[in-house]
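Please read the points below alongside the coordinates.

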Amino acid sequence: MRKIFTKLNQKIYSVIRSTLRFVLPPRIYYNLRDIFVPGEVYCCYKVLNNKEIDQVMIDVGAHVGGSLIKFAQSGWRVYAFEPDNGNRQKLEVLCKKEALNNVTIDPRAVSDKLDTNLSFFRSSVSTGISGLS
């Protein structure tokens with residue numbers, strides 16, 4: 001019974017989160033997300049944010065901007081790498097809508113190997129699952 005209740009709560013949370021993401025402006029949605037579910041990105045932001053020095057973030061696999069938005073809104077210089085066209089278009093819309101002129105979006109994939117003929121994998125399950133094959 002406990003597993004069913006936990007799974008139901010996760011499903012309800014997922015539906016609410018997805019709905020709010022499209023209803024609320026990004027600035028409000030991401031700030032609320034950080035208050036109610038402070039994840040590793042929020043924790044890193046709190047530890048690393050120092051307004052006395054210039055800050056730079058490199059976001060490899062930037063997806064739709066959920067990780068970089070807090071940093072960019074705080075004035076960090078952000079280099080966002082997102083090779084997936086659909087994700088990158090959403091990221092571009094977010095940056096334009098939020099006037100994040102300090103974000104540079106690069107369509108290249110990042111790897112530890114130099115190669116030009118690799119296949120790019122896109123998952124049909126989640127837009128957050130992709131990579132080089």
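1. In this predicted model, Val 56, Ile 58, Val 60, Tyr 79 and Val 110 together make a nonpolar surface patch of about 450 Å². Strand E1, which spans residues 56-60, gives the most to the patch, with three residues. Val 110, by contrast with a strand position, is found in the loop between E3 and strand E4 (120-122), and its relative accessible area of 42% places Val 110 among the partly exposed residues.

2. Strand E1 also holds Asp 59. Once residues up to four places away in sequence are set aside, Asp 59 touches Ser 67, Leu 68, Tyr 79, Ala 80 and Phe 81. One of these, Tyr 79, is also a member of the nonpolar surface patch, while Leu 68 is one of the residues with the most contacts inside the largest nonpolar core.

3. That largest nonpolar core has 18 residues, and those with the most contacts inside it are Leu 68, Val 78 and Val 103. Helix H2 (26-36), helix H4 (69-73), strand E2 (77-81) and helix H5 each supply at least two residues of this core. For Val 103, the contacts beyond four places in sequence are with Leu 68, Ala 72, Arg 77, Val 78, Ala 80 and Cys 95, a list that includes both Leu 68 and Val 78, the other two residues named for having the most contacts inside the core.

4. How many aromatic pairs does the structure hold? There are two. Tyr 45 counts as buried at 8% relative accessibility, and Phe 71 counts as buried at 4%. Phe 71 also forms an edge-to-face pair with Trp 76, for which the centres are 4.7 Å apart and the planes stand at 75 degrees. Trp 76 is likewise buried, with a relative accessibility of 4%, and the ring pairs link Tyr 45, Phe 71 and Trp 76 into a cluster.

5. Glu 98 counts as buried at 11% relative accessibility. Leaving aside neighbours within four places in sequence, Glu 98 is in contact with Pro 26, Arg 27, Ile 69 and Gln 73.

6. The last point concerns charge pairing. Side chains of opposite charge can pair when their charged atoms come close. The count comes to one salt bridge in this model, and it is formed by Arg 108 and Asp 106, whose closest N and O atoms are 2.7 Å apart. Which of the two partners is buried and which is exposed? Arg 108 is exposed, with a relative accessible area of 56%, whereas Asp 106 counts as buried at 15% relative accessibility.

Methods. Residues are numbered from 1 along each chain as its sequence is written. This is a predicted model: local features need pLDDT of at least 70, side-chain atom pairs count only at pLDDT 80 or more; totals for chains, interfaces and linings use all residues. Side-chain values use heavy atoms; hydrogens and water are left out. Helices (H or I, at least four residues) and strands (E, at least two) are DSSP runs, numbered from the N terminus. Contact means heavy atoms within 4.5 Å. Buried means under 20% relative accessible area, exposed over 50%, partly exposed in between (1.4 Å probe, protein chains only). Patches are made of residues with over 30% relative accessible area and no salt bridge: like charges are joined within 9 Å, nonpolar side chains (Val, Leu, Ile, Met, Phe, Trp, Tyr) within 5 Å. Accessible areas come from the Shrake-Rupley method with a 1.4 Å probe; for residues, only the protein chains shown count as cover. A salt bridge is a side-chain nitrogen of Lys or Arg within 4 Å of a carboxyl oxygen of Asp or Glu. A nonpolar core is a set of buried Ala, Val, Leu, Ile, Met, Phe, Trp, Tyr and Cys residues joined through side-chain atoms within 4.5 Å. Rings of Phe, Tyr and Trp (its six-membered ring) pair if their centres lie within 6.5 Å; planes under 30 degrees apart count as stacked, over 60 as edge-to-face and the rest as tilted.
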